[in-house]
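Good morning, and thank you for making time for this presentation. I would like to take you through one protein structure, from its overall make-up to a few local details.

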Amino acid sequence: MGRKSRSAFAVGVFALSALVTYNVAAMAHGHSTASTLGHHMDSHISHLDDKHDAFSFEPHVVARAGGGRSGHPRHAVKGARVGLEGHGHAGVSTHRHRRDDRVEVAGGVEGAEKNVPKVENVQDAAADADATLPASALLLRREKARGTFHVLLTANDAPYQRWQSRVMYYQYEKLRREHPNSALGGFTRILHSGHPDGLMDEIPTKIVNTLPPTVRDDGYVVLHRPYAFKQWLERFANDLEEEYVLMSEPDHLFVAPPPLLATRDKAVAFPFFYIAPNDPKFAPIVERFNEVRAPKEAFKPIGSSPVMIHLDALKRVVPKWHELAVAMKRDKEADAAFGWVVEMWAYSIASAQVGVVHETIKHFMLQPPYDKSMNVDGKEAYIVHYTYGDDYDKNGRFTPGVNQGADDLKNEGGWHFDKRDFTNRAPRKGELTLPPANAGEAIRRTIEIILEAMDALPNWGL
């Protein structure tokens, strides 16, 4: 199937699986959906809570401009700046030394709400912790890390996030051991729940806060992602050894170590068929948020992940990305047109606003079932993204939606996998099986990695 035809096809393929878990996922975050599900279904399918983990969904987008009055974009953008800094979630400051001598320091701000524990003198505590690493030692470590990139994973503490994050980190560690001279550098999970979780000793983690109470997410948990990066940059980035970072998500599995693709002058990203800033039907919305009047060619069909980027360029993009994500979510027309990927659109527009150039690379990532082999245009892929549901008959023929919940078909040899089936818990051992032989190498490799991690990791289901 051609990539240009995938947008419409994706809607029919995966609508059912996303709808089944919409209410479950939203309720896991404390949102009531009974009164709003009808509205979401009526507006467009991209509002499905398929990105419950906040950062792992390439949704089935039927984007449409129109619906609702737009308001004034400049007022919206300025308004989005209000109340973005302080908030009532307690920060956490910890200082850990891991066996491999990596230092974890998570600093936060004081809690402002009642019954929320406060961390006193957090900035001083973080500074004292940093002081344990002399400047000369940091310089030496940065020199050693030259030519590598640091993996940044954003996640919350929901079960859906936890099991995917564990598998991702397990696979990262495995490839790093197998390819010690690759460009794979360090790894940090940016945990944006405001408090520690049960994976602190398993995955290198920095803790940041959720959005301030003054910024409502309205059930759109993806809105926390730009703010998480903003806090990480403000608190931790100056201590990073690597010059480059790879922004990633829990359902990204490394299948080959990516080389250092980015440069100081150019970031590298994956092109998404449903992010089309130069499509004439979206042009009026894009232009309303194009404050600097960036040229048309400056807008790329990209989201915020996977993106490999120099740290200085990331520092330029993130504040504008955060600002635009909030403003565009509040804008009725933009929200109606872009739905669950409005944060991705915000990243594309923000990059054009601050002049950070992105090169798109198709083989950066695979997305089964659309990608069957481990190559794109003859080039080896680096990441598998298992966001879409997969259904096959016993002969490996793709049968979208057929085997979802149909035990009789499964017993006849049908096969099904969808990460959303495991929204509230991790897959149990014995629940996952390998797909039929002809289903494709990409989905088979995905399941092999998940099964291997399930067998190898202690306390699976934590």
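I shall begin with the chain as a whole, then turn to helices, aromatic rings and the backbone.

Please keep in mind throughout that this is a predicted model. The protein chain contains 13 helices and 16 strands. Of its 462 residues, 57% count as buried. If we take the contacts between residues at least 6 apart in sequence, 74% of them join residues at least 24 apart.

Let me turn to the helices, starting with H11, which covers residues 342-354.

The next point concerns a helix pair. Helix H6, residues 159-178, and helix H13, residues 441-456, have axes that come within 9 Å and cross at roughly 95°. An angle between 65 and 115 degrees counts as roughly perpendicular, and H6 is therefore roughly perpendicular to H13. On the H6 side, the contact is made by Val167, Tyr170, Gln171 and Lys174. H13 contributes Arg445, Ile449, Ile450, Glu452, Ala453 and Ala456. Sorted by class, this contact of H6 with H13 has six nonpolar residues, one polar residue and three charged residues.

I now come to the aromatic residues. A pair of aromatic rings is described by the distance of the centres and the angle of the planes. A search of the whole structure finds 18 aromatic pairs. In one of them, Tyr392 and Phe398 lie 5.6 Å apart, centre to centre, with 50° between the planes, and the pair is tilted. The cut-off for buried is under 20%.

Tyr392 also pairs with Trp415: the ring centres are 6.2 Å apart and the planes stand at 40°, so this pair is tilted as well. Here the pair links distant parts of the chain, with Tyr392 in strand S15 (residues 390-392) and Trp415 in strand S16 (residues 415-417), 23 residues apart. Both Tyr392 and Trp415 are buried. Elsewhere, ring pairs join Trp163, Tyr386, Phe417 and Phe422 into a cluster.

Finally, the backbone. Most residues other than glycine have a negative phi, and most peptide bonds are trans. Where are the cis peptide bonds to be found? One joins Ser305 and Pro306, with omega about -5°, and Pro306 lies in the loop between helix H8 and strand S9. Another joins Pro368 and Pro369, with omega about 10°; Pro369 belongs to the loop between strands S11 and S12.

As for phi, Asp218 has a positive value near 50° and sits in the loop between strand S5 and helix H7. Asp377 likewise has a positive phi, of about 55°, although it is not a glycine. Asp377 lies in the loop between S12 and strand S13, and its relative accessibility of 65% means that it counts as exposed.

Thank you for your attention.

Conventions:
Residues are numbered from 1 along each chain as its sequence is written. This is a predicted model: local features need pLDDT of at least 70, side-chain atom pairs count only at pLDDT 80 or more; totals for chains, interfaces and linings use all residues. Side-chain values use heavy atoms; hydrogens and water are left out. Helices (H or I, at least four residues) and strands (E, at least two) are DSSP runs, numbered from the N terminus. The expected span of a helix is 1.5 Å times one less than its number of residues. Axes are lines fitted to C-alpha atoms, for helices over the stretch in contact, and angles run from 0 to 180 degrees between N-to-C directions. Angles under 35 degrees count as roughly parallel, over 145 as roughly antiparallel, 65 to 115 as roughly perpendicular and the rest as oblique. Contact means heavy atoms within 4.5 Å. Ala, Val, Leu, Ile, Met, Phe, Trp, Tyr, Cys and Pro count as nonpolar, Asp, Glu, Lys and Arg as charged, and the others, Gly among them, as polar. Rings of Phe, Tyr and Trp (its six-membered ring) pair if their centres lie within 6.5 Å; planes under 30 degrees apart count as stacked, over 60 as edge-to-face and the rest as tilted. Buried means under 20% relative accessible area, exposed over 50%, partly exposed in between (1.4 Å probe, protein chains only).
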